[in-house]
Amino acid sequence: MSASVLDLPERGLAETAQVELSREAFKQALLDNLFCVQGKTPALATLHDYYMALAYAVRDRMMHRWISTADTYTSHGSRTVSYLSAEFLMGPQLGNNLMNLGILQLARESVADLGLDLDLLMECEDEPGLGNGGLGRLAACFLDSMATLEIPSIGYGIRYEFGIFHQEIADGWQVERTDKWLSFGNPWEIVRPEWAVEVGLGGHTEPYTDGDGRARVRWIPHRIVNGVPYDTPILGYRVNTANTLRLWRAEAPESFDFAVFNRGDYYGAVQQKIVSENLSKVLYPNDEAIQGKELRLEQQYFFVCCSLKDMLRILRVQQIPLSRFHEKFAVQLNDTHPAIAVAELMRLLVDEHALDWNTAWSITRRTFAYTNHTLLPEALEHWSLPVFAKVLPRHLEIIYEINARFLDEVRVRFLGDPGRIARLSLIDEHGPRYVRMANLACVGSHAINGVAALHTQLLKESVLEDFHDFCPEKFSNKTNGVTPRRWLSLANPRLAALICEAIGDGWVRDLDRLRELERFADDRAFQDSWWQIKRANKEDLAAHARERTGVAIDPDSLFDVQVKRIHEYKRQHLNVLHIVALYHRLKRDPGAEIVPRTFIFGGKAAPGYHIAKLIIKLVNAVGEVVNRDPAVRGRLKVVFLANFNVKNGQRVYPAAELSEQISTAGKEASGTGNMKFCMNGALTIGTPDGANIEIQREVGAENFFMFGLTAREVAELRAGGYRPAQLCAGNDELRAALELIGDGFFSRGDAAQFRPLVEGLLHWDTYMLLADFQSYLDCQAEVARVYGDARRWSRMSILNVARSGAFSSDRTIREYADEIWRAPRVPIRLLQPE
């Protein structure tokens, strides 16, 4: 064969020798796995059996890259990014891996030969719900980009047995069901019990003097839990690199106490197993009760401890001195959940490896970097001292020492400023005392970044203002991005094919090349093709919505979409107020001119967040009335798509025409859904918040529908005495919409049902819905006017895609790698068989 192994990723998969993968070989591999792994013949096999057999066949063909990558990193001692995140919302893996290997079409043809449909097989894959939304999906995009850019990395997290709940809608209300993503096994992971580590929890500490006469501290944990790693290969796009996602599962050292069982205590015999495994049982346990708080802190420490001990193991294997830990590893803290890593690394270095404090602290601070993802003070994690002392007594002592030394520096720097000292302290002394995890992350990291230009600026001016004053050199902005491989190439194959036909396929790895589409923006034939693809995607989503909700939606209507986590600051209820206002107009004037619209919602509310769940009920209640009213038939429809996740996102983003990014200015850190919509040709209606500002700048103000107060105007209005009731009284449409909701029109006469929402808006309106209402309505009227001009809309849509290159996670990762991690690219040469 003429091609070298290094050429093969651009053309397809190489078998471990030198024979290019053939259709027959792939079919045989699938059938072999069906027989040898699933233990089925075709006559007995279910569709899910075929999915598993196909997944194993694909994984087998990833192994050569995975092993070659590990061998290269080990032999070269490559600098490695360790990405610590409590969430990894990876999404389905089969399609993504087939695409990255370059064998998607081969697989489609091979399974077709067996009488199977690849799309139906991919539907069999259970999606791991190991994240709550943007944070976990961002982590997944970053892993994809690091592998594609050939940057050595390991993602570290928790292998939750039950992920984010499965959402159902019953009588308009959210109902949470258990997410049993592991019911039929996970073909993509490999368990590594030989690399299991011990994790201590609780107990007490003892001072002692070591053999060299030095004062030391020994931690005596109350209980020990084992962390067992489960590895998943993360394949780069058309490269040989396959990095690793390493998720930890908690196990008891002894899962069954035979002596206790023989005494007749059958529950006691397995109690240790039950208690230990709770650590990796569920994503984000309810922490309203004290036991829930302890469990969440234990979870965070569990995966951090496992991960740092694993890094020390890698250091030993590669024979790298401990003093070079920070040279080998760049550890990124994805928000405050893994911030306890700062204290844990200090414990490992000082207590277990006998380094002196100053040396250990120098290594620690040069190891960690911290990404902040929120401007909401209540979202910055803090733990009460009693809980922290009970779970991690040694770490509290270490945090006290870090704090004492840090505040000594602060006192010298800011002489006579006790207020600033109190704000910078790692311990919140106001009322009940708390450990501030964001402060710990800031003190223990050499770099701190926000995730959008506005977010970073507001961090410097508000939430982390004192830290910015103390160490401004640590701060930088790294605007989020999303992977175009999953969110355009895989999710929207029709559009991807049209783009490739127009400008080639180089954009998949270099999204800036989409700029070449600008020359087609006024090409009528290209616009027609563009419009036809959007229409086909809308038909697909309409069929899915009909199947899942029973609601028939018109693909010729404007698809107006808001899919994201349900939260008051994201203002799904502002969207609803617009729907109610339109409905009220049509009821008053049935002949009113209106662009037919389908309003599509999706997203989950935290189980304990009553107002967010009430917003879901309101969306469905308004939809129930609007959808059955013959007076507005063919003009307004409202659909709530339950259980929004990655798989459903891949249906929604390609079909959307208007993207609702309407959070209160100054509240959204960045957003990534806005980027996915933009990349798929939806136009954005949004506030000057998060990455909306940067999207508008890139695509052009004329191709973006901006409305609402700025972050500064929000702050000024609040400071000046905001009176939402007066705004309502002076706006007839707003007043009518709130009265319809408040009087029970959408709740079968039950005026009490939505009273908390209505009264909250009239009396407090924390997130300024009423202040932005009229601006939002005016902007929506402009949307309708522009949508009536199909040529103009198509041109704007094409330009949005053409100018979305800045929002690739590849760009974000290059910035992290160059400016924070100092992590060079390491190309992988495939190992040759012996």
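The lining of the second largest cavity splits into 4 nonpolar, 5 polar and 3 charged residues (nonpolar here is Ala, Val, Leu, Ile, Met, Phe, Trp, Tyr, Cys and Pro; charged is Asp, Glu, Lys and Arg; the others, Gly among them, are polar). Before you click on, note that this is a predicted model, where local features need pLDDT of at least 70 and side-chain atom pairs count only at pLDDT 80 or more, while totals for chains, interfaces and linings use all residues. Residues are numbered from 1 along each chain as its sequence is written, and side-chain values use heavy atoms, with hydrogens and water left out.

Now select Met90, Gln93, Asn96, Asn97, Asn100, Arg137, Ala140, Asp144, Ile234, Leu235, Thr483 and Arg486, which line that cavity. Colour α3, α6 (134-148) and β9 (223-235) too: these are the elements that give two or more residues to its lining. Helices (H or I, at least four residues) and strands (E, at least two) are DSSP runs, numbered from the N terminus. The volume is about 110 Å³, meaning the space filled by probe spheres set on grid points joined across faces, edges and corners.

A cavity is a set of points on a 1 Å grid over the protein atoms alone where a 1.4 Å probe fits but cannot get out; a pocket is an open set with protein on both sides within 12 Å along at least five of seven lines, and lining residues have an atom within 4 Å of a point.

## The largest cavity

There are 7 cavities of 30 Å³ or more in the structure, and the largest has a volume of about 200 Å³. Pick Gln93, Pro128, Trp181, Asn186 and Trp188, the closest to its centre of the 19 residues that line it. Helix α2 (47-76) and strand β10 (242-251) are the elements that give two or more residues to this lining. By class, the lining has 11 nonpolar, 5 polar and 3 charged residues.

## An open pocket

Next, select Asp119, Met122, Leu490, Ala491 and Pro493: of the 40 residues lining the second largest pocket, these lie nearest its centre. About 1200 Å³ of space lies in this pocket. Which element gives the largest share of its lining? Show α21, with 6 residues. The lining divides into 18 nonpolar, 9 polar and 13 charged residues.

## Into the core

Select Phe388, Ile402, Phe705 and Trp821, which touch the most other members of the largest nonpolar core, a set of 186 residues. Helix α9 (residues 290-317) gives this core the most, 13 residues. A nonpolar core is a set of buried Ala, Val, Leu, Ile, Met, Phe, Trp, Tyr and Cys residues joined through side-chain atoms within 4.5 Å. Zoom in on Phe705: beyond its neighbours within four places in sequence, its contacts (heavy atoms within 4.5 Å) include Leu658, Cys779, Trp793 and Met796.

Go to Arg436 in strand β15 (residues 434-436). Is Arg436 buried or exposed? Arg436 counts as buried because its relative accessibility is 15% (buried is under 20% relative accessible area, exposed over 50%, partly exposed in between, with a 1.4 Å probe and protein chains only). A polar atom of its side chain lies 3.2 Å from the backbone oxygen of Arg423.

Finish at Glu277 in helix α8 (residues 266-277). At 11% relative accessibility, Glu277 counts as buried. Leaving aside neighbours within four places in sequence, Glu277 is in contact with Arg249, Ala250 and Glu251.

How values were computed. A polar contact is a pair of N or O atoms within 3.5 Å; within protein, one must be able to donate a hydrogen and the other to accept it, and residues adjacent in sequence count only if both atoms are side-chain atoms.
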